Structure formats: C-alpha cells, structure tokens
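Dear colleague,

Please find the structure below, handed over for your records. My notes on its contents follow directly after it.

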Amino acid sequence: MPLNERDTAQLRAALQGAVVKCSERCLYQSAKWAAELLTSIPTSDSLSEPEDSQMTEVPLEGLPPIVVTGNLDPEEAQLEAREINQYLLAKSFFDCREYDRCAAVFLPDTILSGILSTAVPKNQNTSTPKAKSKGKASSTRSSSNPVPKTPRLSQKSLFLALYAKFMSGEKKKDEDSEMVMGPHDGGNTANKQLVVIARFLEAWFSERMEENGEAVGSQGWLEYLYGMVLVKDKNEEEAMRWLIKSVHLYQFNWGCWLEMTALISRVEDLNRISPHLPQNILSFIFHLHTSLELYQSTSSLSRSLDQLLSIFPTSPFLLTCLALLAYHTKDFITADAHFSNLLALHPHRLDSLDHYSNILYVMNLRPKLSFLAHLCSSVDKFRPESCVVIGNYYSLLSSHEKAVQYFRRALTLDRSCLSAWTLMGHEYVELKNTHAAIESYRRAVDVNRRDYRAWYGLGQTYEVLEMHAYALWYYKRAAGLRPWDGKMWMAVGSCLQKMGRDLEGIKALKRALLADSYYDAGVGSSFGSGVRDRGGTMDPEILLQIAGMYERLDDDTEARAYMEMCVAQEEGAADNLEASVINIHADSQSSDDESKPGAGGGDPGAGTGVTAATSKARMWLAKYAMRTGDYTRAMQLATELCQDGVEVEEAKALVREVRVRLEG
Amino acid sequence: MTRFLTPSKIGLLALVELYTDAIVPTSSTIPILSFVLNQLLPNNLKSQPRDLASLQALPFLLDLKAFETLLAAHPAASGLPGRSLWDHFLKKIWDIDSLDALHVFFARRSNLLAKSRDELKKDGEMGIPPPSEDMIILSRTSPFGSFVRRSKVEFERLRFGDALALWTGFKKWRHDSKTYWSRRNGALGRWVGDSALADGEEEWGMEATEMLELVAYGGLSLEDTDEGCVSSDDVEKLLEFQVEQMQKIGSRIPMEVKDKFRSILDESIMIPSLSHYLNFLDAWRSGDYPTSFDNLHRYFDYTMQNRDRLFYQYALMNLAVLQADFGCYDEAVAAMLETISTARENKDNPCLNFALNWMYHFGKAHPNIIKGTESTNMLGVEREGLAFLRIKAKETGMWTLWSSSLLSEAKLGMSNGESVASIFENILKSSHLIVDKNMKSMMGPQVAMYSALWQRLGVTQLSRQYCQVFLSCHARYALFDDTLRFTGRVAHLLSEKGHYDEAMEKMESLDENSLRSWKANQYWLNYRGILRLKRDLHRNNLDAADLLLSQLLQSSGADSDSELSFEINMLHIDYLIRRTDYGRAMAKVEQLAAAMKEDGDDINLRIKLLTMKALLQDKCGRPQKGFSVAVRAASIAWRARLIPALWDAMAVIANILTSLSEFRASVQILISVLPRALECENCSLNAQLYSFLVNAYMGMAGQCEKGSLKRKENLTRCLEFIDRAFNEYSSLEDIKGQCEMMAKKATIMRIVGENVLANDYASAYLDLKKEAALMA
C-alpha cells in the first residue's frame with residue numbers, strides 16, 4: 001500500500017506528535033518506538049518543500065514544539081496552560097524517578113484518600129474483592145455525603161500523576177520481591193497502588209460518563225492506564241474493553257497495543273477482537289506483531305510485512321518482525337541474515353537481540369554468538385537482553401552454571417523477561433535439577449501463556465520424571481500453540497505411546513509427519529519448488545514408532561508399510577530440498593534430552609543415510625520376511641544389514657538361518 | 001582487573017603449547033623453559049646471578065617484544081624451513097581470532113596435561129587411544145602443569161565481562177605484531193584476528209563493520225590504558241616483592257616506582273590490602289607518623305576479615321615497633337606487653353619470642369621506661385632472660401632469634417667487661433648458626449660484633465677490615481641501616497687518623513634513595529655533623545663548632561642512637577675544654593657519669609668518662625686530684641681488656657706521676673705503652689702520649705744538672721718526641737696541639753741556647769695561629 005506524499009506527511013506529523021505526547025506522559029518505550037518508526041520513513045527530497053509553502057508557517061508545521069504539545073480541546077488546553085508550572089515540576093520528578101513525589105504534585109495523598117473513601121460505593125460491582133471489603137467499611141461512613149468531585153486537572157497531568165503512582169507501586173513491588181527463585185520468591189508480590197489508581201479512575205470516569213457509556217472529552221490516555229491496572233488485576237475482559245477504547249481515542253500509543261498483545265493468547269482471540277479495532281496503520285502493525293507473537297507464519301503475514309516495509313523501509317521494529325517471521329518458519333539462515341543486517345544498521349540497539357541469540361544458538365554459530373555477546377556487553381551489560389545473550393553463549397559452551405547465573409541476572413533486572421525464564425528452565429534441565437526447571441518453566445508460562453517452548457519444556461521435564469499424564473497435558477498445550485510443528489506432535493505421540501494409547505499416538509505422530517512436510521512446503525515454496533508429496537524426507541524415527549505401534553495393535557500390513565517407508569528414507573526423496581533438509585532435521589532429530597527447539601543439526605545430503613532407526617526397521621522387515629517365508633527378501637535385507645555395520649552379529653545369525661531355510 | 005589471567009599469560013600458555021608441540025629444537029629448549037619458569041616462579045631469579053642483567057631487562061608486564069627477542073633467535077625444529085619459533089608463536093596467538101576462539105583455546109589447554117588414570121579409563125571406554133609415548137605431556141603437578149591448570153580454572157571462573165576485558169586486552173597486546181604477521185601471510189584483511197568482524201564485512205560492508213568495531217571495542221576512548229593487562233595476581237606479587245625489599249633493605253619506594261604503583265592500583269577496584277601495608281612502610285620510613293599509623297590500622301582492618309583474629313598479636317607488634325620508632329615509648333611498651341600476652345594466649349611461640357627479644361633490647365636501650373612498667377619480672381634478670389630466649393628460639397627453630405640472642409649475650413658480656421673468651425665463644429656459636437642456616441640478614445650484627453670486639457681489643461686494623469668485608473660482600477643482602485652503620489664506623493676510623501675528607505666522602509657515597517628513609521637520614525646527618533664538628537674543634541674554629549654542637553645536642557634527644565649521643569657529649573666536653581670552661585665541662589662529666597651509673601651502661605664508655613675526669617683535673621692544674629680516678633679507670637680497663645681505654649688511662653696516670661715529679665716512672669710507663677698504643681691508630685691518643693712523654697723527659701732534664709750531658713740527652717729526646725707529637729697533631733689538623741708543641745720546641749731551643757732557632761719556632765707558632773685564624 002504505497003502512500004502518496006500527503007499521506008506520508010500526515011503520518012510523519014502524527015508520529016511526531018505521538019513521540020512528544022508519549023514522552024510528555026513519560027511513556028518512554030512508546031515514545032522510543034514511535035520515534036524509531038518516524039525516522040524510518042524515507043524522506044523525499046525535503047529541500048524543495050519549504051520553498052513552495054509560505055515561509056512564515058514552516059516553523060510551525062515543520063517543528064512541533066518539543067516540550068509541550070497543544071491540546072485541541074479548548075477546555076483541556078486552558079487547564080494545561082494553567083498547570084504548566086506544576087506539570088513541569090512533576091515531569092522532572094518523574095524523570096528523576098521520584099514517583100511518589102511526582103504524584104503528590106497534582107494528587108496530594110490527602111486528596112487521594114478523600115476520593116478513595118467516597119468514590120468506592122458507586123462502583124462496587126467492578127472493583128476487586130479486596131476493594132469490596134474496604135468499600136463496605138467506607139460506605140458506612142460516607143454514604144450520606146454527596147460525591148465530592150475529583151480535583152479539576154487536565155488529563156495530561158492526571159495521567160502523569162496516576163502513572164507515577166503506578167510506577168511507584170511497581171518499583172516497590174520490585175524492591176519487595178525476593179531473590180529470583182529464592183525460597184520466598186513466589187512471584188506473587190503485588191503492586192499496592194493498583195487499588196488506589198483503579199478507584200480514582202473509576203470515580204473520574206463515572207463523573208464524565210454519558211448515557212451511551214462514553215466519557216466526554218476523554219483523550220485515551222487514562223483509559224490506557226485503567227486498562228493496564230485491570231490487566232494487573234487479571235481482569236482481562238474488562239481490560240481489553242478499556243484498551244480498545246483507548247486506541248480508538250488515540251491510536252499512536254504503542255504501549256497500549258502491546259498491552260493488548262499481551263492479553264491475546266490464541267489466534268481465535270485475535271480474530272475475535274479485530275473487528276472492534278479502528279482501521280489504521282497502527283492497527284495493521286498490531287495485527288502483524290500479535291500474529292508473530294502467536295507464532296503465525298502465513299504468507300499473508302509476510303505480504304503485509306512487505307507492505308509495511310515499503311512505507312518504513314528501515315524500521316528496526318519491522319526488520320525484527322521480518323527476522324522473527326523467518327525464525328518461526330524455522331528458516332534460520334534467513335533469520336540470521338535479517339538480524340545481522342539489523343545489527344549493522346543499529347549497532348547500539350539491544351531490543352530483541354535475545355531472539356537473535358536463540359537463532360545463533362540453534363545454528364551452533366559460536367563465534368558469531370560470542371561476538372554478539374561481546375557487543376551487547378559493551379553497549380550495556382545490565383540489560384536483560386544482554387544477559388540473555390551471554391547466558392545463551394555460556395549454555396552453548398556447556399557451562400550451564402554460568403548460564404543460569406546470567407539468566408538469573410536478566411530476571412533480577414526484569415522479572416517479566418520471558419525468554420530468560422524459559423532458557424533458565426532449559427539450563428536447569430541440563431543440570432538435572434528438575435524441580436528448579438519446572439519452577440522456571442512455570443514462571444515463564446505465568447508471565448506469558450503463549451510460550452510453547454516453556455510448555456514443551458514442562459512436558460519434557462515431567463516425561464523425564466516419568467509422569468506421562470502431566471507431560472501429555474503440557475505437550476498438548478505446546479502443540480496447541482504450534483499446531484504445525486512436528487516436534488510437538490511427536491512429543492505428544494510418543495507420550496501417548498508410553499501411556500499405551502496407541503491409536504491416539506499413531507494419530508499424533510501422523511500429524512507430526514504432516515506438520516513436517518507442511519513447513520517443508522512453506523519454505524520450499526520460497527525456493528521455487530513446491531513439493532508437497534509424501535516423498536519429502538520424513539523422520540525415520542517417527543515412522544519406526546508408528547510402525548511399532550501398529551505392530552502392537554496387530555496390524556501387520558500397516559506396520560510393514562511404515563517400516564518400508566522408514567527404510568526408504570535412507571535414500572531420500574530427491575535432492576531438491578537442499579535448503580529445507582536442515583530445518584526438518586533440526587526439528588525432528590530431537591530426542592528427549594534435547595531442550596531447545598531443533599537443537600543439533602541434521603544429516604547433510606538428501607537422504608538420511610543409515611540411522612539406528614532405519615536399521616531397526618530393516619531388521620524388523622527381515623524378520624517379518626522370515627515369518628512370512630519370503631526368504632530371498634530376508635536374505636537381501638540381512639546382507640544389507642551386515643554391510644551397514646549395525647547389529648552385525650544378529651544380522652549374520654539371520655543370514656545363516658535364511659541359508660538353512662533356503663537350502664532346506 | 002582479572003585475578004590471574006593477563007594477555008601475557010595467554011602468551012605464556014601459547015609458548016607452553018609450542019614447547020609441547022615439539023617444535024622447539026633441543027638446543028633452544030633451555031632458554032625457553034627458563035624464560036617461562038622465570039615468569040611462573042619469580043623467586044628463583046636470585047639463584048641465577050649470571051643472567052641477572054638480561055633478566056632485569058624484562059618489564060614487569062611481559063610485552064610482545066620480550067617474546068620476540070626470545071623466540072626470533074631460535075629456528076623451529078619442524079615445519080617450513082626459515083621459519084623461526086617466533087612465527088610459530090605468532091600463528092598460535094593469531095589463531096585466537098574471536099572471543100569464542102579464546103574460550104576454545106582455554107578449553108583445549110587440558111590436552112597439554114597428562115591424563116589421570118580415571119580419564120584414561122574413560123577414554124579407553126570411549127575408544128580414544130592413549131597418547132603416544134613420544135608426545136610431550138605435562139605432569140599435573142609440574143610447574144607448567146599447575147600453571148596450565150590454574151589458568152584454565154581461572155578462566156572458567158571469569159565473569160563474562162572479565163573474559164571480554166581479557167579478550168580486548170589480548171587484542172591490544174598482540175596488535176604490534178600485526179604488520180609482521182600479515183606480511184608473512186600475504187596481505188591479510190583489515191580484520192585479521194577477528195573472525196566475527198571479518199566474516200561480517202561481506203554482509204555488512206566496510207562502514208557498518210567499522211561502526212560495529214567501535215561499538216564493540218569502544219575505540220572512542222582516547223586514553224590508552226593498560227586495562228586487562230594487569231591481573232591482581234601480578235599486583236600482589238609486585239607488592240609482596242616490594243614489601244620484602246623494604247623489609248630487607250629498609251629503604252623507601254623510589255619515586256618512579258611509586259608513580260607506577262599508583263597508576264596500577266588506580267585501575268583495580270579491589271585494592272589488595274597489602275598495598276596499605278606498603279603505604280604504611282613507606283610512611284614509616286619517611287617519618288610520617290600520623291600517616292603510617294593510619295595506614296597500619298587500615299591494613300589490619302582490611303585483613304581482619306579474611307585472616308581472623310589470629311593475627312591480632314602481629315598487628316600489636318607492628319604497632320609497638322612503630323610507636324617505639326617515633327618515640328612514644330610508653331605506648332610502645334603497653335602494646336608490646338599486650339602482644340606478649342596475646343601471643344601467649346594464642347600459643348604463637350615465634351611471635352612471643354620475637355616480642356620478648358624486642359622487649360629485651362628495648363629494655364637495654366630505655367631502662368627507665370621499662371622500670372616504670374614493672375615488666376622486668378617477665379624476663380627476670382638480663383642474663384637469665386637471654387638464656388630463656390635462646391632456649392626458646394632453639395626449641396621453636398627460630399634461627400634468627402637464636403643467633404641474635406647469642407650475639408646479645410656476647411654484647412652483654414662485652415659491655416660488662418667479662419671474659420673475652422666467652423664473648424668469642426658466643427660470637428662463634430652465632431657465626432656457626434648463621435653460616436649453617438644461610439641467614440644473610442644476620443651477617444650485619446655478626447660482623448658488627450666482631451668489629452667492635454677487635455676495636456676494644458685495640459686491633460683497629462682487624463676491626464676496619466671487618467667493616468670493609470661487610471661493605472663489599474654482605475651489604476647487598478643486608479638492611480640499609482647496617483650498611484649505614486658500617487660506613488659510619490669506617491668514617492669514624494678515618495677521622496681518628498685525621499682523614500676527614502675521605503671520611504666525608506664515604507658518608508656521601510651512600511645510596512641516595514635509601515637515605516630518603518627518615519631514621520637513616522637522621523643518623524646520616526648526625527654522623528656528618530659529628531665529623532664536621534671534630535674538624536672544627538681541631539682547627540680551633542670554635543664559633544662554628546658551637547653552632548654545630550647546639551644543633552647536634554638538640555637532635556640527640558632520647559630517641560637517637562646511644563653511641564652517637566655519647567660521642568656528641570664527649571665532643572661537647574672537648575669543646576668546653578677548648579673554651580677553657582672547665583667548670584661546665586666538669587659538671588657535664590659528672591652529669592653523664594651519674595646518668596650512666598643509673599642505667600648501667602657500657603663499661604667502655606664509663607672508663608672513657610673516668611679518664612676524661614682525670615684529664616680535666618690535669619687541665620685545671622690539679623692533676624693529683626685525678627689520681628684515684630685514673631687508677632680506677634686503668635684497673636677496670638685492664639680487667640675488661642679494653643686496650644685503647646687502658647692506654648688512655650695509663651697516659652693520664654703517667655701524667656699524674658709527672659706532676660708528682662716521678663719522671664722516671666712516668667717515662668717507663670709511657671715508653672712501654674707507646675708501641676702498643678700505636679696499634680690503635682688513634683692519632684689523638686698518640687699525640688697525647690707523646691706530649692706526656694715530652695713532659696716527663698723535660699722533668700728528667702730538669703732533674704739533671706745544668707749543662708750536663710744527661711740533660712742534653714733528655715732535651716734531645718724531648719725534641720724528638722715533640723716532633724712526633726707535632727706530626728700526630730698536624731695529621732689531626734689540631735691547631736692547638738700544634739701550637740703547644742711549637743711553643744715547647746721554641747722553649748727548649750731557648751734553653752739549649754739556640755736563640756735563632758727558638759725565634760724561628762716562635763714565628764712558626766705565630767704563623768700557625770694566623771693560619772688557624774684565617775681558616776676559621
């Protein structure tokens with residue numbers, strides 16, 4: 001969707017406004033994001049512009065005021081003008097991280113407590129249970145009083161004050177929480193300011209609420225804050241409602257979109273709320289980003305990404321998305337290239353480099369990973385991303401204790417650092433500390449329920465502990481998150497097999513085979529050869545398992561068919577899958593002790609060559625041929641076995657027996 | 001700052017690998033091995049004095065240059081011809097081309113080591129064949145092996161940031177060889193030695209790669225620091241060495257070294273606590289009491305946490321010594337007493353013995369302070385105390401203490417004037433011990449004792465020789481204080497013979513840096529002052545002498561050396577005599593004698609005082625009054641075999657005899673004394689003896705008849721001895737003596753009737769006086 005000149009200018013102006021507005025409200029990350037996007041719009045020959053427009057107006061349009069933006073609402077503008085001095089004071093307090101002091105500039109504690117004691121009874125139905133009990137206590141005291149008005153403040157100041165309160169609560173929460181994974185670290189320290197903020201906002205909204213449920217003159221920021229508070233309260237439905245309201249009112253607040261992403265845990269959810277969203281470019285980006293978070297990798301997604309990139313060709317955010325898209329389709333080489341390119345463009349940018357380190361880990365590129373760690377450490381060694389990168393590097397060096405140490409550090413810096421929790425779980429698995437591993441995975445899942453690796457890790461850990469019912473449950477969660485990932489299904493299948501549920505197991509494993517070839521095709525298509533048939537290389541391991549289960553079900557024909565198929569994998573289908581082979585094998589080779597998706601490279605070349613699985617299959621086939629009296633076939637297979645050098649003794653015995661039979 | 005690893009250590013590891021690769025030819029094995037060993041075990045440096053010059057050229061931090069000079073000379077045993085070991089070495093260090101490669105490098109280090117039995121078994125199970133016999137493999141406990149193992153462990157415990165610093169430091173360290181390396185290997189790219197950047201260049205392009213390099217390696221900082229090149233291990237080693245040096249030599253840190261130290265220590269966050277100790281020593285030596293006090297406390301505060309209270313007594317001991325050095329004797333004694341009781345509690349015998357020894361010496365030096373603390377009962381009577389110490393030292397194997405207690409016993413015997421044989425016995429015992437245990441540091445006291453003993457026995461020649469032997473052979477390993485004292489003694493002997501300039505030269509020739517130490521400097525200044533004072537007194541330059549004396553008397557308070565202060569006092573008396581202020585001189589003598597009686601000081605000094613008293617009586621014109629004093633002095637000196645003092649006393653007795661008109665007896669005494677006295681090489685003694693002899697002969701001449709042959713004979717003898725006395729005086733540059741002799745000569749000439757000659761001598765006398773006035 002190419003934009004014309006005017007649209008671009010408009011977009012640019014809107015983004016400029018967004019940067020200033022976000023930073024006015026101390027939403028630093030959103031401001032950063034908007035600014036990154038803003039600078040990635042290519043500037044068409046900007047020199048010609050000032051000449052054709054009137055000279056007097058250029059400074060006004062070209063340069064938005066950096067410190068304070070105007071407000072379109074005259075009433076708000078008036079209020080803002082009146083409060084400008086306090087506002088500046090409050091803002092500088094916030095910048096100095098003196099949150100409580102910042103809040104007290106506009107909302108002294110006396111006012112807050114006054115509002116709290118009166119405002120509650122009206123909104124009892126929406127407040128939390130904890131608030132309810134408090135509300136009852138206060139209602140007995142002040143039920144007769146008329147509701148006092150919230151102080152007359154501009155929305156901007158109000159937002160800043162309440163946001164400062166929120167941040168102060170977060171800060172206290174961090175200070176109160178124990179050492180990561182320490183004995184008292186339950187992960188349940190709460191932000192104590194939430195109740196206050198929620199009550200205040202309820203009062204504020206109820207004052208301005210009209211019949212149709214819309215607050216008059218509200219500009220979206222307070223809705224965002226309220227949504228955030230509700231999210232923390234786990235009131236997700238309501239939160240989503242308020243967040244959507246907020247993006248309707250002000251679309252350029254990226255933080256708000258991110259909160260929404262965090263609330264969506266399935267594709268269905270995304271599809272359900274899409275119609276309620278405003279139709280604009282931000283919503284488009286949101287859709288893309290959320291889909292990526294949900295591990296989607298459809299071609300429509302890559303198409304929309306391409307469209308966005310045509311508008312913002314150098315946006316680091318979009319380039320990251322591009323790389324992640326490739327990562328999700330297990331196309332590590334492309335992902336690596338994208339990230340590498342990103343690194344060259346923005347050497348100081350650390351965001352999402354942890355994903356890059358995962359990719360390098362899977363590709364086993366130690367020098368590159370070491371350089372990445374070096375770079376991150378030089379830029380800022382106290383960023384969670386840096387710590388994760390370093391942790392990954394140590395993990396690759398097999399110094400798991402050190403890796404755990406760095407993941408821990410990442411978590412100390414940011415407890416919601418998802419990848420650190422998951423990766424720490426992996427490390428604990430390596431260290432054979434299953435309890436810690438389970439706890440880490442659990443915390444990862446608590447932070448973000450969409451992380452299939454954590455679910456998968458949980459499953460694996462329970463499988464190690466031989467608690468298959470639990471493992472199955474977690475594997476199913478993982479498979480639900482990544483329905484097209486063969487590895488998940490394979491895990492489900494083998495788990496079912498171990499539990500003796502062969503029929504279901506066969507189903508799951510067949511699905512795994514299908515999933516493998518799905519990715520196969522997905523990638524293959526980009527290389528111009530859409531191979532979708534069964535002839536694509538399949539994992540002999542899975543085939544062997546399926547065959548084994550059929551055998552147990554006494555379905556010899558099926559079993560034999562799968563065994564044959566398994567042996568056939570040695571030659572491979574064709575060598576037209578040069579590029580995709582790695583991906584498949586990276587995934588499907590994994591055994592139980594491998595924790596990362598697709599760790600370990602696959603065999604090079606088209607076919608798998610002789611593996612333990614194919615040899616077993618061949619042995620089975622030979623014995624089967626013996627049983628059915630097809631001695632020539634048995635002879636052929638047994639001699640092949642002897643040549644392969646696997647289980648030679650048994651094969652030789654078989655050969656002798658066949659000879660005896662043939663002679664006899 | 002890392003704990004152990006530095007770029008140069010990586011270089012050493014590479015060198016070790018080079019050695020195990022069997023590339024090093026047999027002929028170059030020894031230099032290379034000794035190079036590495038010298039780095040690993042710096043203590044064996046001293047055992048190879050032959051190579052000292054070449055080794056001293058090595059910098060504290062090994063740079064690439066040192067490796068190059070070592071390796072470039074040796075051809076490699078294998079590989080391409082024409083390649084030296086240096087090329088192989090460079091290949092090894094340039095193969096480390098990324099942070100990851102560094103990790104791999106360290107991970108591979110264990111391949112150099114011999115495998116333990118378990119590992120071999122495991123390898124056997126895995127199907128890995130055991131290493132072939134002819135491979136060079138390091139034993140795990142060899143110096144190389146332990147170095148390799150330690151490096152590996154240290155690397156493993158590095159945090160990522162430190163590993164990174166090591167890598168960047170290493171890159172910087174090897175940078176100098178880049179041009180050589182890339183020339184040798186054909187033109188290599190800009191990013192040689194950094195695979196990440198080299199690989200990335202294709203992908204990113206030149207500009208972006210440079211940008212990334214700047215970001216990663218922080219090329220923006222302008223300062224060229226040694227960061228990552230120094231490990232705290234190095235610093236600690238350096239500090240230990242410096243402290244050892246300071247304790248052994250007793251000098252301060254040279255200025256340039258101090259600056260370097262500071263720059264290194266500034267870099268590290270963890271300041272080794274030893275550096276506080278170093279600061280303490282330096283401040284102590286420089287005489288900065290508050291700072292040294294402060295630093296000592298700081299040092300013990302920092303060491304307390306990791307070494308526990310066990311070392312409390314050492315803290316106290318250091319404190320006591322420090323206090324004593326700055327003249328706070330009461331505090332010093334209190335601290336030392338606490339040291340003793342703590343050491344007893346902790347059963348720390350070495351510390352206890354040392355403290356008792358110190359207490360003993362302190363008690364000798366400051367008896368009045370010890371008296372106040374009623375601690376005498378701790379060691380009992382002196383001799384018993386020493387015997388106790390000696391036995392204890394023997395039991396605990398503290399050889400230094402043992403030999404020093406033997407020497408102390410010898411010294412005690414000497415100052416009490418006891419049997420010379422037993423003194424020799426003690427010295428010999430100690431000597432045996434010192435040679436047996438190779439205690440170079442004890443050589444100073446030992447030689448000093450010998451020298452003093454021979455001096456007392458009147459064999460100045462031997463005494464001087466001992467001094468010179470020490471200065472030329474042992475001074476290198478001994479405390480600077482000893483060197484200073486011996487030099488002082490040599491200068492003293494020279495000045496007794498009137499060689500003032502030489503004596504001064506000796507003093508000036510001392511090491512300037514060592515003289516920065518406060519105490520040594522004080523001693524040195526005093527000694528020079530004494531030399532000048534002597535000269536001024538002899539030249540009759542009394543005003544200048546007065547000035548000097550007032551300064552010297554001030555500085556010779558309670559805290560200065562007792563021998564020096566006695567010398568100064570004697571010179572003071574001499575000054576008063578020359579001023580003919582006999583009353584004050586007498587008072588001074590009485591005062592000194594009273595003080596000495598109280599403290600029970602050295603017998604030699606007491607005799608000197610007695611003699612001086614008798615001499616004073618003589619000067620006052622009442623020589624007989626000094627008779628009993630002189631006889632007492634002589635008898636004591638004889639009993640104690642204090643030969644020079646004996647001759648002194650005998651001279652006084654002879655003089656008294658002369659005054660009693662017992663000329664013959666006097667002459668007999670003097671004639672028999674003189675040849676032995678000449679051995680003492682003390683000009684003033686000789687001159688005095690000669691002049692007394694002249695007096696005696698003069699008296700004998702007076703007893704003879706006028707004009708008799710006998711009289712003439714005696715007068716001629718007089719003239720002869722006057723000349724001798726005059727010579728002695730003139731070598732001392734003693735104007736007054738010279739004048740006296742000249743006057744006597746003129747008188748004799750007049751008696752003989754040779755008026756012309758008498759006139760000549762009289763004018764010579766006047767000339768001398770004039771000259772002296774001019775000199776002043």
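Predicted model: local features only at pLDDT ≥ 70, side-chain atom pairs only at ≥ 80, totals over all residues.

Which residues in α34(B) meet which residues in α35(B)? From α34(B), Phe627(B), Ala630(B), Val631(B), Ala633(B), Ala634(B), Ala637(B) and Trp638(B) meet Ala645(B), Leu646(B), Ala649(B), Met650(B), Val652(B), Ile653(B) and Ile656(B) of α35(B), where contact means heavy atoms within 4.5 Å.

Residues are numbered from 1 along each chain as its sequence is written, chains are lettered from A and ligands numbered from 1 in the order in which they are written, and side-chain values use heavy atoms, with hydrogens and water left out.

Helix packing

The two helices of chain B named above are α34 (residues 627-639) and α35 (residues 643-659); helices here are DSSP runs of H or I with at least four residues, numbered from the N terminus. Their axes lie 8 Å apart and pack at an angle of about 150°, the axes being lines fitted to C-alpha atoms over the stretch in contact, with angles from 0 to 180 degrees between N-to-C directions. α34(B) is therefore roughly antiparallel to α35(B), a term for angles over 145 degrees. The crossing of the pair is left-handed, that is, the near helix is turned anticlockwise from the far one by less than a right angle.

Of the 21 residues of α37(B), 16 are buried, and the helix is mostly covered; buried means under 20% relative accessible area, exposed over 50% and partly exposed in between, with a 1.4 Å probe and protein chains only. At 1.5 Å a residue, α37(B) should span 30 Å, and its end C-alpha atoms are 30 Å apart, which agrees. The expected span is 1.5 Å times one less than the number of residues.

Salt bridges

Over all chains, a search of the whole structure finds 58 salt bridges, each a side-chain nitrogen of Lys or Arg within 4 Å of a carboxyl oxygen of Asp or Glu.

Glu681(B) is bridged to Arg464(B), with the closest N and O atoms 3.0 Å apart. Because Glu681(B) lies in the loop between α36 (663-678) and α37 (683-703) of chain B and Arg464(B) in helix α26 (residues 460-474) of chain B, the pair ties together parts that are 217 residues apart in sequence. Arg464(B) is buried, at 15% relative accessible area. Elsewhere, salt bridges with shared partners join Lys32(A), Glu36(A), Arg349(A), Asp351(A), Arg383(A) and Glu385(A) into one network.

In chain A, Arg442(A) and Asp446(A) form a salt bridge at 3.8 Å, N to O. Both belong to helix α24 (residues 434-447) of chain A and stand 4 residues apart, about one turn of the helix. Arg442(A) is partly exposed at 30% relative accessibility, as is Asp446(A) at 45%.

Arg97(A) sits in the loop between α5 (74-95) and α6 (99-106) of chain A and is exposed, with a relative accessible area of 53%. Glu733(B) is placed in the loop between α38 (709-732) and α39 (735-752) of chain B and is partly exposed at 23%.

With kind regards

How values were computed:
Parallel < 35°, antiparallel > 145°, perpendicular 65-115°, else oblique.
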